[in-house]
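Me: Can you walk me through this one? I have the sequence and the model up.

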Amino acid sequence: MQRLIADKEDTEQVFHIIEALNGRSFEKNFYKFVESAEGQALLDKREFLPPLLDDHAWIRELPEGTVGRAYMDFMEREGLSAKGLVEESEKFRGAVRDFDDDMLWYGNRLRDTHDLFHVLSGYGRDALGEASLLAFTYSQTPGLGVIFISFVGTRQIMKSVPKEARVMDCFREGKRNGAAASKIIREDIFALMHEPLNAARKRLNIAKPTAYLRALDVCQAEGLVIDQIGLAPNEFQAAA
């Protein structure tokens, strides 16, 4: 956790923390997934997402305002790729024997949709956005490791921002928004990418991250560095 606090881009540490703390949460979440009709349909396909998500050629042909275009813009702006997240996870998995089974496929799917969660939820890649998104993710797929990172990260941010930012409200809001939303992991990602972003958020019942956006406004007004606290205005801010 100290390594992750020192460098929030050190994604490998996230996998170590989750492995250490999640217990049997992964198995429980997997069984709930496979017991759903949507999960069964996705398992029949067992689609590997990174090639689909990293092929920006077809995504670029989608209309402006779709989930796919918002995702592509986000990834290109941040210099990210789905393949890059795979490589980070492989650093952690290096000494572990993997089996090509349904559980591995499900775990990969959780990993590969992380940045799509950013786009749909409205939380940025800044420190507060990442912590808030993990609280959102916890309510979608519970695990002690995820909520531990979120809570500790939020507490760290509290030390360097004005009290008026009320950053613990962002933590609570992330949990609340994630719990109210439909299970994103059960979505057909290819079909989802074609949907208008605002329509997808409405269908999935993803609420506007009001506390987070307010915290960003407070921090920016205090002249805090944007890359550390918040990103450029996202679609939720533009609609405000």
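Reply: Here is a quick tour, from confidence to the core, the rings and the charged pairs.

Me: What is the average pLDDT of the protein chain?
Reply: The chain averages a pLDDT of 89, and 90% of the residues score at least 70. pLDDT is the predictor's confidence in each residue, from 0 to 100. This is a predicted model, where local features need pLDDT of at least 70, side-chain atom pairs count only at pLDDT 80 or more, and totals for chains, interfaces and linings use all residues. Residues are numbered from 1 along each chain as its sequence is written, and side-chain values use heavy atoms, with hydrogens and water left out.

Me: Which elements have the lowest and highest mean pLDDT?
Reply: Helix 17 (residues 226-229) has the lowest, 48, and helix 13 (residues 167-180) the highest, 98. Helices here are DSSP runs (H or I, at least four residues), numbered from the N terminus. Over residues 228-234, pLDDT stays under 50.

Me: What does Met193 touch?
Reply: Beyond its neighbours within four places in sequence, its contacts include Leu53, Trp58, Val67, Tyr71 and Leu116. Contact means heavy atoms within 4.5 Å.

Me: Trp58 again. Which ring does it pair with?
Reply: Phe190. The pair is tilted, at 5.1 Å centre to centre and 35 degrees between the planes. Rings of Phe, Tyr and Trp (its six-membered ring) pair if their centres lie within 6.5 Å; planes under 30 degrees apart count as stacked, over 60 as edge-to-face and the rest as tilted. Trp58 sits in helix 6 and Phe190 in helix 14, 132 residues apart.

Me: Are those two buried or exposed?
Reply: Trp58 counts as buried because its relative accessibility is 17%. Phe190 is partly exposed, at 39%.

Me: Where is Asp126?
Reply: In the loop between helix 10 (114-121) and helix 11 (127-140). Asp126 is buried, at 0%. A polar atom of its side chain lies 3.3 Å from the backbone nitrogen of Leu128.

Me: And how many salt bridges?
Reply: The count is 12. A salt bridge is a side-chain nitrogen of Lys or Arg within 4 Å of a carboxyl oxygen of Asp or Glu. Arg77, Glu78, Arg125 and Glu130 are linked in a network of them. Glu130 and Arg125 are both buried.

Me: What does Asp169 bridge to?
Reply: Asp169 bridges to Arg166, with the closest N and O atoms 2.6 Å apart. Asp169 also bridges to Arg172, at 2.7 Å.

Me: Why are Arg172 and Asp169 about one helical turn apart?
Reply: Because they are 3 residues apart in helix 13.

Methods: Helix = DSSP H or I, 4+ residues; strand = E, 2+ residues; numbered from the N terminus. Buried < 20%, exposed > 50% of the residue type's maximum accessible area, 1.4 Å probe, protein only. Polar contact = N/O pair within 3.5 Å; in protein donor to acceptor, adjacent residues only side chain to side chain.
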